[in-house]
Amino acid sequence: MAEHVDRRTYWIVFGTLAVLTVLEILVALPSMGVPRTPKVLALIAMALSKAGLVGLFFMHLKHEMRALKLTVALPFLFPALYAVVLIGEAGWRLIR
Amino acid sequence: MSAIATAEAGSHPVAHALPPDEYFGSATPGKIGMWIFLLSDAFSFGGLLLAYGILRGGSEVWHHPGEPPLGIPFTAFLTFLLICSSVTMVLAVAAATEGNRKQTMLFLALTALGGAGFLTGQFHEYFGLIPHHGLVHEGLIFGHSAYASTFYVITSFHGAHVFTGTVYILVTLARTAAGKTNANDVEILGLFWHFVDLIWILVFTFVYLL
């Protein structure tokens with residue numbers, strides 16, 4: 001028959017997501033006066049952490065077998081590379 | 001019916017159960033198919049966010065005079081609503097795994113409510129539920145600037161996903177009420193819904209906060 005599912009991890013992930021969202025807003029508010037570069041880096045790091053938490057725990061990727069994990073994760077290397085190269089290039093042309 | 005099918009399905013049998021795969025374990029073809037669809041969908045969003053990054057990174061002026069800033073507190077509330085709906089969705093999947101149909105239906109209904117709430121919020125953000133509110137009345141016009149156009153394209157493409165997801169939830173809810181779903185169906189629906197939440201986390205950061 002049906003097994004019992006432990007829900008504790010879900011609530012921990014929910015709490016972490018909520019705390020990270022509050023932190024993101026605090027960092028982003030102009031009145032907090034966070035300089036541009038650390039602000040951008042902190043916000044991207046927090047957003048990727050949150051996305052990772054949702055993928056690993058809510059979408060159960062952590063409990064899948066390695067082949068499925070790699071199928072899902074590895075292709076993201078390409079858009080990440082494009083992002084760094086293309087956005088960097090656009091910014092570089094601006095300041096050149 | 002193999003042991004793996006019984007374990008996966010809760011109280012309902014999986015129609016086309018396969019033996020565990022050497023590489024993908026007990027992941028069903030439906031689940032792997034949804035993951036691959038989500039991957040391609042993620043690249044659509046990736047392309048949009050990349051175009052946004054290039055346009056913004058290469059522009060001297062992003063916010064033109066007269067264009068309103070985006071309302072962060074209100075959107076933060078929508079973000080939190082979507083995170084909450086992700087929690088109700090995992091609870092629905094957990095209930096389905098345990099074979100508890102009533103609880104599955106309850107949490108699916110709450111998740112659909114969260115999706116409808118998000119869509120209402122987005123409508124209010126664009127057009128205003130009260131007169132003279134909404135970005136279109138405040139001067140953020142599609143086509144007038146890269147800022148306006150990327151905002152509307154990215155957020156409405158996401159909104160279309162929320163709408164699709166909400167309909168998908170309601171269909172699954174109706175099928176669950178009729179006893180036509182198993183835990184695997186609810187899990188695959190969950191993957192789609194969490195993906196919509198995951199994308200919003202990124203959109204919220206890149207479009208609103210940065």
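Here is a quick briefing, grouped by topic.

What you have here is a predicted model. The predictor gives the complex an ipTM of 0.92, along with a pTM of 0.91. Chain A comes to 4 helices and 0 strands, while chain B has 7 helices and 0 strands.

**Chain A**

- Follow chain A along its sequence and you get the pattern α-α-α-α. Its radius of gyration is 18 Å, well over the 12 Å that the globule rule gives for 96 residues, so chain A is more spread out than a compact globule.
- Of the 96 residues in chain A, 18% count as buried.

**Chain B**

- Starting at the N terminus, the elements of chain B run α-α-α-α-α-α-α.
- The box for the C-alpha atoms of chain B, again taken along the principal axes, is roughly 65 × 40 × 20 Å.
- Out of 210 residues in chain B, 39% count as buried.
- Take the contacts in chain B between residues at least 6 apart in sequence: 72% of them join residues at least 24 apart.

**A closer look at helix H4 of chain B**

- Helix H4 of chain B covers residues 101-127, which makes 27 residues. From first C-alpha to last, H4(B) reaches 39 Å, close to the 39 Å expected at 1.5 Å a residue.
- Which residues of H4(B) are buried? They are Thr104(B), Phe107(B), Leu108(B), Thr111(B), Ala112(B), Gly114(B), Gly115(B), Phe118(B) and Glu125(B).
- Those buried residues of H4(B) pack against H3, helix H5 (135-138), helix H6 (146-177) and H7 of chain B.

**Where the chains meet**

- On the chain B side, 39 residues are in contact with 39 residues of chain A.
- Three elements of chain B give two or more residues to the side that touches chain A: helix H2 (29-57), helix H3 (72-97) and helix H7 (183-209).
- Which of them gives the most to that side of chain B? That would be H3(B), with 11 residues.
- Sort the residues on the side of chain B that touches chain A by type, and you find 23 nonpolar, 13 polar and 3 charged.

**How confident is the predictor about chain B?**

- Chain B averages a pLDDT of 91, and 92% of its residues score at least 70.
- Among the elements of chain B, H6(B) has the highest mean pLDDT, at 98. At the other end is helix H1 of chain B (residues 3-9), with the lowest mean, 43.
- Across residues 1-12 of chain B, pLDDT stays under 50. For that stretch of chain B, the model has 29 contacts beyond four places in sequence.

Technical notes. Residues numbered from 1 in each chain as written. Chains lettered and ligands numbered in written order. Predicted model: local features only at pLDDT ≥ 70, side-chain atom pairs only at ≥ 80, totals over all residues. Contact = placed C-beta atoms within 7 Å. Nonpolar A, V, L, I, M, F, W, Y, C, P; charged D, E, K, R; others polar. Expected span 1.5 Å × (residues − 1). Buried ≥ 20, exposed ≤ 12 C-beta atoms within 10 Å, placed from the backbone. Rg over C-alpha atoms; globule rule 2.2 N^0.38 Å. pLDDT = per-residue confidence, 0-100.
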